[in-house]
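Please keep the sequence and the structure in view while reading.

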Amino acid sequence: MVTKVEELVKTIQRLSPSEKEYVIGSVLRFMQTESEIQSLADLKARYPGEWLAVIIPEGEDRYNPQRGCLVAHSPDKSSVWQRVADLPASEDVYLFFNGPVAAKGFGIIFHDTADTPVVTTVGD
Amino acid sequence: MTQQIRLSLPQWAIDNVVLLNVRLNDRTLIRMILDTGAKYTVITPDVARRLGLDLQGARRVPVTTATQLEMAALTTVDQIDVQGLVLRDVETAVINLPTALGVEGLLGMSFLRKCRMLLDVPNRLFELETS
């Protein structure tokens, strides 16, 4: 390992200043991103009952991510969406409520008045 | 081409309702309620903004919620992806959902009508196949 690191350092030393800047910048960005990636299990334990938005890192499960970079968390959904709105469209974002969905006793009805009534009831 | 998915749903996804993590336009992952009682697939205005949907000229459809009659914008989502089963150009209504519902969308019949579906609640199995 030490030998490989030494080889890497020597290789970087041979680069031109602009190449060095690019390589070091890339390494720093990678380290920063890695340090911001957190386990979703930890985030869920830390922010119960809140809306969470996380960026899904590359290589993570795209449907059921286990890790992510926290963008925003709040009991107030709209404030979380405001933070998400600031993100580039290219970011892969997962937004979810970290709590019970459709609590018992809660019902919702959708009735398309232009057509056959459709009814949805959730909860007890 | 037939697409098929077979999922073992986690407990949280099948408590009071059936919840699915759904990717929209490949860059936004939200939770939706599987809702065979909803004629349209539904997303909230926040999701529509994230997807960059222009609702200005969208057709409006009347929808009665639990409390009031609302006019919902009817739009088309380019790509709805349920765990790898992808349908394109899905007719979708945009309407505010109650925050207490805890989801940002309903996966309704405008999506499901193109699929065969098996839901085995006791065994927490969900299968979906395009016909």
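Two strands are said to pair if DSSP finds at least two bridges between them. The model discussed here is a predicted one. In chain B, three strands form an open sheet in the order β1-β10-β9, and their pairing is antiparallel.

**The sheet of chain B**

- Strands β1 (4-8) and β9 (115-120) of chain B lie at the edges; each has a single partner strand, so one side of each is left without a neighbour in the sheet.
- From one strand to the next, the twist averages 10°.
- Strand β9(B) is joined by six bridges to β10 (residues 125-130) of chain B, and these two strands run antiparallel.

**Strand pairing in chain A**

- Strand β1 (residues 37-39) of chain A is joined by three bridges to strand β3 (residues 67-74) of chain A, and the two run antiparallel.
- The bridge partner of A:Ser39 in β3(A) is A:Arg67.
- Five bridges connect β2(A) with β3(A), again in an antiparallel arrangement.
- Within β3(A), A:Leu70 is the bridge partner of A:Val54.

- A:Trp51 belongs to strand β2 (residues 50-55) of chain A.
- Is A:Trp51 buried or exposed? A residue counts as buried if 20 or more other C-beta atoms lie within 10 Å of its own; A:Trp51 has 24 other C-beta atoms within 10 Å and is therefore buried.
- A:Trp51 and A:His73 are 22 residues apart along the chain, yet their C-alpha atoms are separated by 5.5 Å.
- Leaving aside neighbours within four places in sequence, the residues in contact with A:Trp51 are A:His73, A:Ser74, A:Lys77, A:Val80, A:Leu95 and A:Phe97.

- In helix α4 (residues 77-85) of chain A, the residues A:Val80, A:Trp81 and A:Val84 are buried.

Note on methods:
Residues numbered from 1 in each chain as written. Chains lettered and ligands numbered in written order. Predicted model: local features only at pLDDT ≥ 70, side-chain atom pairs only at ≥ 80, totals over all residues. Helix = DSSP H or I, 4+ residues; strand = E, 2+ residues; numbered from the N terminus. Axes fitted to C-alpha atoms, helices over the stretch in contact; angles between N-to-C directions. Buried ≥ 20, exposed ≤ 12 C-beta atoms within 10 Å, placed from the backbone. Contact = placed C-beta atoms within 7 Å.
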